[in-house]
Amino acid sequence: MASHDQSYRAGETKGRAEEKTNQAMGAMGDKAREAKEKTYETGRAARDKAHGAAESTKDWAAESKDQAGSYVSEKAQAAKERASDTAQAAREKAQSGKETTRGILEQTGEKVKSMAQGAADAVKSTFGVAQHHDEVDKDTDATTYRRG
């Protein structure tokens with residue numbers, strides 16, 4: 001039976017492990033929110049820029065067409081293509097941001113799992129559960145093999 005001191009230390013260890021896990025989860029949540037906001041802002045800015053460029057080009061083309069004929073039409077088409085290219089680049093950048101965010105979340109999740117496992121091992125070690133459990137498994141396996 002574990003002494004009062006061992007129980008107290010185990011409780012402290014568990015408390016520290018929970019606190020570290022909570023801190024890591026908070027940090028992970030903050031990073032995820034930041035990445036999500038950045039991705040959203042990048043996509044929105046790109047969309048607004050592309051929309052503004054397209055509207056500007058459209059207005060410019062309409063005015064110029066009346067004045068310059070086919071030359072202006074060619075320039076308007078080129079401007080539309082540039083706006084389309086800008087929008088495509090923005091979509092690709094937003095996708096890249098999403099992939100980066102996913103990678104950050106996966107790495108942080110692995111770190112949290114590792115920390116939690118370490119805390120569980122520390123608590124088991126404090127109570128001596130890990131060694132006793134292994135011995136019971138060995139005895140159980142030996143008994144099973146003898147009967148089988």
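In which helix is R47 found? R47 is part of helix α1, where helices (H or I, at least four residues) are DSSP runs numbered from the N terminus. The model is predicted, so local features need pLDDT of at least 70 and side-chain atom pairs count only at pLDDT 80 or more, while totals for chains, interfaces and linings use all residues. Residues are numbered from 1 along each chain as its sequence is written, and side-chain values use heavy atoms, with hydrogens and water left out.

R47 has a relative accessible area of 52% and is therefore exposed; exposed means over 50%, buried under 20% and partly exposed in between (1.4 Å probe, protein chains only). From C-alpha to C-alpha, R47 lies 8.9 Å from T86, and 39 residues separate the two in sequence.

T108 belongs to helix α2, residues 70-127. T108 counts as buried because its relative accessibility is 15%. Leaving aside residues up to four places away in sequence, T108 touches A24 and M28, a contact being heavy atoms within 4.5 Å.

The largest pocket has a volume of about 180 Å³. On a 1 Å grid over the protein atoms alone, a pocket is an open set of points where a 1.4 Å probe fits, with protein on both sides within 12 Å along at least five of seven lines; lining residues have an atom within 4 Å of a point. The volume is the space filled by probe spheres set on the points, which are joined across faces, edges and corners. Among the lining residues are K38, T42, K93 and I104. Helix α2 gives the largest share of the lining, seven residues.

Note on methods
Helices (H or I, at least four residues) and strands (E, at least two) are DSSP runs, numbered from the N terminus.
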